[in-house]
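Hi everyone, thanks for coming along.

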Amino acid sequence: MKRLSIKIRLTILYSFFMILVTGAALAVLFSLSSREILASAQARLEHRVQESVEDIRIRNGELRLDSDFYSVTRDVYLSLYDENMYFLYGRIPYGFIGQPEISDGEVRRIREGELEWYVYDMSFNLSDDRTVYVRGITSVTDAEESFSVTVRFALILFPGLALITGIIGYRFTRSTLLPVKRITDTVQRIRADADLSQRIGLDLGRGKNRDEIYNLAETFDGMLGELEEVFRREKQFTSDVSHELRTPVSVILAQCGACLADELLTGEQRSQILLIQRKAKEMSEMISHLLFLSRADQGRQPLNREQVDVSGLTEMVAEEQQMLAEEAGNGVKIVCRIREGITAYVDETFYIRMLINLISNAVYYSGKDCTVTVSLDSDGEWVTGKVADNGIGISKEDLPHIWERFYRADTSRSGSSHSGLGLSMVKWIAQVHGGSVEAESAPGQGSVFTFRLPVKQKNEETEKDENI
């Protein structure tokens, strides 16, 4: 199951506790309200019975009742009884069938079938020898029913309240975590573009909006600035050192050539000078690669693209590498599977350099008498090239790092002529053309390097818009 984002988890947590607190509050409120409603019904009943005695009079020896005695006020029905529980006057609510005994001054709860009633009796002395009883009746069922309607209405509204709580919680959480999203987006752009000049750029004004996340963003921007400066100095150092080393290496190569022209050299001296010359050439090639990558990092590596016959170029490079392999005497055979007539919008020099690096790598890491296959095809939009060998292969742990500078999976060959910069150049060339390169390999099963480059030039109008 996919892990939920912090935003969703915080929303769920916020909503859960809000619903829990709201539910508990409503439960307590309903419990208290239920008791209060019943207590209020009892109080109304007692008050109505007590004030009803004012409506009872004796005139000329006859019992007289005001009309208010017959009215149903606050859901209380009044009735008058003599000492023998004989009904004299008043009203009895519909559904109240029983005739409970008189219980003076006591509120009783009586159930009849599915209905419940509060009954309150109070004695009233009309004269010294005559006493009557006033009975008040009110419905408990009606009071509870009105309360249950309120409860049902609240329960109907509760899901809506939970939904509103979730929406508010989500919007609040999203607003709170928006700076975190901007931090994440900035990091992803930096990783994709390898551009340390980008910044999060939150509004870090003074005041109440300056919380921990804003401080984190400010710290992150400061760290990016320091890293950018460190890498700038490193690139400048690499460029300066490479430039400075070119002259002494050129002098070494020139002196080696002059020394080798001397016919008085002994065999041992000549072999030693040849070794110096070979290592100087390797150093010169490494310096050339470093200068190339340094200019690429600084955006000073010009790219001169045009529509080129890449089929012919690929075949030419493969033939040159075959001749070099034959001179080395390792018995490697280069097989071409190139579709004719493929053209692409590329820089011819860079394309040749990319192929040389890929094929020379494949030849170098293949065993004796192995085969390197160079293929090229196109679907009309992309040129797809592959360089495959059946050499020593690359382990799964090393494969993600082969594009890093100076990284070599086969550390036992650290004294070889390969500096570990070739694949870094290949990746830069592919990407600067708007393409890509990837590798598949397994130890003992060889490797396959696949590059993809666009066939056609972008629309000039689109390119102009992008440049603007």
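Let me start with a term: a salt bridge here is a side-chain nitrogen of Lys or Arg within 4 Å of a carboxyl oxygen of Asp or Glu. In general, side chains of opposite charge can pair when their charged atoms come close.

Before the examples, a word on what you're looking at. This is a predicted model, so local features need pLDDT of at least 70 and side-chain atom pairs count only at pLDDT 80 or more, while totals for chains, interfaces and linings use all residues. Residues are numbered from 1 along each chain as its sequence is written, and side-chain values use heavy atoms, with hydrogens and water left out.

Okay, the overall picture. The chain has eight helices and 14 strands; those are DSSP runs, H or I of at least four residues for helices and E of at least two for strands, numbered from the N terminus. Of its 468 residues, 35% count as buried. By buried I mean under 20% relative accessible area, with exposed being over 50% and partly exposed in between, using a 1.4 Å probe and protein chains only. The chain exposes about 28900 Å², and carbon and sulfur atoms supply 53% of that. Those areas come from the Shrake-Rupley method with a 1.4 Å probe, and for residues only the protein chains shown count as cover.

Then there are contacts, meaning heavy atoms within 4.5 Å. Take the contacts between residues at least 6 apart in sequence: 63% of them join residues at least 24 apart.

Back to the salt bridges. How many are there by this rule? The count comes to six. Arg108 pairs with Asp121, and their closest N and O atoms are 2.7 Å apart. Arg108 sits in strand 5 (residues 107-112) and Asp121 in strand 6 (residues 115-127), so this pair ties together parts that are 13 residues apart in sequence. Asp121 has another partner, Arg135, again with the closest N and O atoms 2.7 Å apart. That pair links distant parts of the chain, with Asp121 in strand 6 and Arg135 in strand 7 (residues 130-139), 14 residues apart. Put together, Arg108, Asp121 and Arg135 are linked in a network of salt bridges.

With a relative accessible area of 12%, Ser139 is buried. Setting aside neighbours within four places in sequence, Ser139 is in contact with Asp75, Glu116 and Trp117.

Glu51 pairs with Arg48, the closest N and O atoms being 4.0 Å apart. The two are three residues apart in helix 1 (residues 6-52), which means about one helical turn separates them. Glu51 is partly exposed at 31%, whereas Arg48 is buried at 4% relative accessibility.

Helix 1 also holds Leu10, which is partly exposed at 36% relative accessibility. Leu10 belongs to a nonpolar surface patch of about 580 Å², made with Ile6, Leu13, Phe16, Phe17 and Leu20. The patch rule takes residues with over 30% relative accessible area and no salt bridge, joining like charges within 9 Å and nonpolar side chains (Val, Leu, Ile, Met, Phe, Trp, Tyr) within 5 Å.

Next, helix 7 (residues 422-432). Helix 7 is mostly covered, with eight of its eleven residues buried. Among them are Leu423, Met425, Trp428 and Ile429. Just after helix 7, Gly434 takes a positive phi of about 85°.

One last stop: Thr450, in strand 14 (residues 446-454). Thr450 is buried, at 12% relative accessibility. Which residue sits 64 residues away in sequence from Thr450 but 4.5 Å away in space, C-alpha to C-alpha? That's Lys386. Leaving out neighbours within four places in sequence, the contacts of Thr450 include Thr384, Gly385 and Lys386, along with Ser436, Val437 and Glu438.

That's my tour, and I'm happy to go back to any part of it.
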